[in-house]
Each structure stands twice: as structure tokens, then as C-alpha cells.
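Here are my notes on the two-chain model you sent.

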Amino acid sequence: DTEVTQTPKHLVMGMTNKKSLKCEQHMGHRAMYWYKQKAKKPPELMFVYSYEKLSINESVPSRFSPECPNSSLLNLHLHALQPEDSALYLCASSPPMGLASNEQFFGPGTRLTVL
Amino acid sequence: AQKVTQAQTEISVVEKEDVTLDCVYETRDTTYYLFWYKQPPSGELVFLIRRNSFDEQNEISGRYSWNFQKSTSSFNFTITASQVVDSAVYFCALRSTADRGSTLGRLYFGRGTQLTVWP
């Protein structure tokens, strides 16, 4: 199994809603990532988990709350989002951290619209 | 500091034409890795290739080829006999072993090149 899966594919939510994005991989990777991508822009790194511990938080607003319950799962909890948070949210994974050579494998993304 | 520049924002070609996507990078580190990713309209980034700074051999994979030149800090990507299915955004990216962000997981992306192949 060489894929990263993400659910849901599309999500529409109001500014007062609470929702969660889910990401799963079964490649034995121990690093997992959340990216945000706006149209016609490269992905922007949000969070990195290494061995289920948060190693990078790119000063992301607290209305985004990541969680890594085990080595295969990564969640992104959303609360009180703003319309400007509408974007494609990508999850990625890679083999154990500390190796700059490791390529990241991306999931298909969740297209989020905040009304 | 790590930086990747993809000067071509959009390229349009007709099927069967060859096309080259440019990537220029900046790093002061001696050990680094360069990557190309493809992002079709569906959204998923697909890993295409990784090249390390010590290996300047060009690589060919089917219709794809990559030209790595350290002297000009470039890692260009050529698609031969392009097809409509090649239409996508292509990103070049960089990580270096001496950059703390890289070892923690940060990939430095270029802004991407939108390739459109017309039938």
C-alpha cells in the first residue's frame, strides 16, 4: 500500500462549525505533514509530526488544531474558521525524520470552503 | 537560506511538442536534494524524481528527463512528445541536510509552472 488517503474530499462549513480532516497512511512512515494550498500557489507547510510528536508548527492560528493519535493517522481539527481559510488541505508522509533525502508522499487533499 | 525559482508561470504547447520546465535553486549547503512533483487538476501532488547534490548524471524515465547542472544551480525537467495527460502544475522543491527546517521536514517549493498541452 503506497498511498496516503484523506477524508473528506470536499467540505463546506460555516464559521461557527467544528469539523475534522483525516489523513491515513500504511507505509510505515513516521513523519506526517499538513499543508495548506491556495489557488495558483505552492503548498504552505502548517504542521509536521515526527514519531507522533509535533516538530514544526508554522505559527498556524489556533483555530487549526492537529492531532496524531498513532503512527498511521493524522487529524486536523477545525473550529471557528474564516472565509480566507478556504483552500486545499494536503496531507503528506515520509520515512523517518532526519533525512533530508526523503521524499514526501501526498494525499489527494480536502477542498475546504468556509462560508 | 533555501530558495527555488520557477520563472515560467504558464506554458502552453500542442501535443507531441517537447517542453522544458526550468528550475533554479539557491542554497549555501553542499549536500542537498532536489525534487519534482506533478499536481494534476485533481489536486494530489505526485512525486516524480529526487536528485542529490553529488549526482549530476542526467536521468531519463520514459518521456521524462531531468538535467541537473550544479554550475548554473539548475534542475530542469523536459517532457518529450507531450500528451494532454501531462497538463498539470509542476513544482520543483529543495531540502538540504544542513538546514534545520529541512531536517524537521520543510520542503522549499518553487511557485510552480502550469503546463497546458492542447490536442
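How much area is buried between chain B and chain A, and what share of it do carbon and sulfur atoms give?

1. Interface size. The model is predicted, so read what follows with that in mind. About 1,900 Å² is buried between chain B and chain A. Carbon and sulfur atoms give 55% of that area. In residue terms, 25 residues of chain B are in contact with 25 residues of chain A.

2. Polar links across the interface. Between chain B and chain A there are 5 residue pairs in polar contact, with both residues at pLDDT 80 or more. On the chain B side, the elements that give two or more residues are β5 (32-39), β6 (46-52), β10 (88-96) and α1 (100-104). The chain B residues that touch chain A divide into 10 nonpolar, 10 polar and 5 charged.

3. Salt bridges. Side chains of opposite charge can pair when their charged atoms come close. The structure holds 8 salt bridges over all chains. Between chain B and chain A the count is 2. In one salt bridge, the side chains of A:E103 and B:R50 meet at 2.6 Å, N to O. Another salt bridge pairs B:R106 with A:E58, and here the closest N and O atoms are 2.8 Å apart. B:R106 lies in the loop between α1 and β11 (108-109) of chain B, and A:E58 in the loop between β6 (53-57) and β7 (64-70) of chain A, so this pair joins two chains.

4. The largest pocket. Its volume is about 520 Å³. The lining counts 22 residues, and the closest to the pocket centre are A:A39, A:K40, A:K41, B:V89 and B:Q114. Elements giving two or more lining residues are β9 (87-94) of chain A, with β10 and β12 (113-118) of chain B. The largest share, 3 residues, comes from β10(B). By type, the pocket lining divides into 9 nonpolar, 7 polar and 6 charged residues.

5. The cavity. Rolling a probe the size of a water molecule over the atoms shows where empty space is left. How many cavities of 30 Å³ or more does the structure hold? The count is 1. The largest cavity has a volume of about 30 Å³. Its lining is made by A:H29, A:R30, A:A31, A:M32, A:Y49, A:Y51, A:E52, A:C68 and A:S71. These residues divide into 5 nonpolar, 2 polar and 2 charged.

6. B:S87. Where is this residue found? B:S87 sits in the loop between β9 (74-79) and β10 of chain B. Its side chain reaches the backbone oxygen of B:V84 at 3.0 Å. A polar atom of the B:S87 side chain also lies 2.9 Å from the backbone nitrogen of B:V117. Leaving aside residues up to four places away in sequence, B:S87 touches B:P40, B:P41, B:L115, B:T116 and B:V117.

7. Backbone geometry in chain A. Two places deserve a look. A cis peptide bond joins A:T7 and A:P8, with omega about -5°. A:P8 is found in the loop between β1 (4-7) and β2 (10-13) of chain A. A:S59 has a positive phi of about 55°, although A:S59 is not a glycine. A:S59 lies in the loop between β6 and β7 of chain A.

Technical notes: Residues are numbered from 1 along each chain as its sequence is written. Chains are lettered from A and ligands numbered from 1 in the order in which they are written. This is a predicted model: local features need pLDDT of at least 70, side-chain atom pairs count only at pLDDT 80 or more; totals for chains, interfaces and linings use all residues. Side-chain values use heavy atoms; hydrogens and water are left out. On a 1 Å grid over the protein atoms alone, a cavity is a set of points where a 1.4 Å probe fits but cannot get out, and a pocket is an open set with protein on both sides within 12 Å along at least five of seven lines; lining residues have an atom within 4 Å of a point. Grid points are joined across faces, edges and corners, and a volume is the space filled by probe spheres set on the points. Ala, Val, Leu, Ile, Met, Phe, Trp, Tyr, Cys and Pro count as nonpolar, Asp, Glu, Lys and Arg as charged, and the others, Gly among them, as polar. Contact means heavy atoms within 4.5 Å. Buried area is the accessible area (1.4 Å probe) that two parts lose on being put together, summed over both. A salt bridge is a side-chain nitrogen of Lys or Arg within 4 Å of a carboxyl oxygen of Asp or Glu. A polar contact is a pair of N or O atoms within 3.5 Å; within protein, one must be able to donate a hydrogen and the other to accept it, and residues adjacent in sequence count only if both atoms are side-chain atoms. Helices (H or I, at least four residues) and strands (E, at least two) are DSSP runs, numbered from the N terminus.
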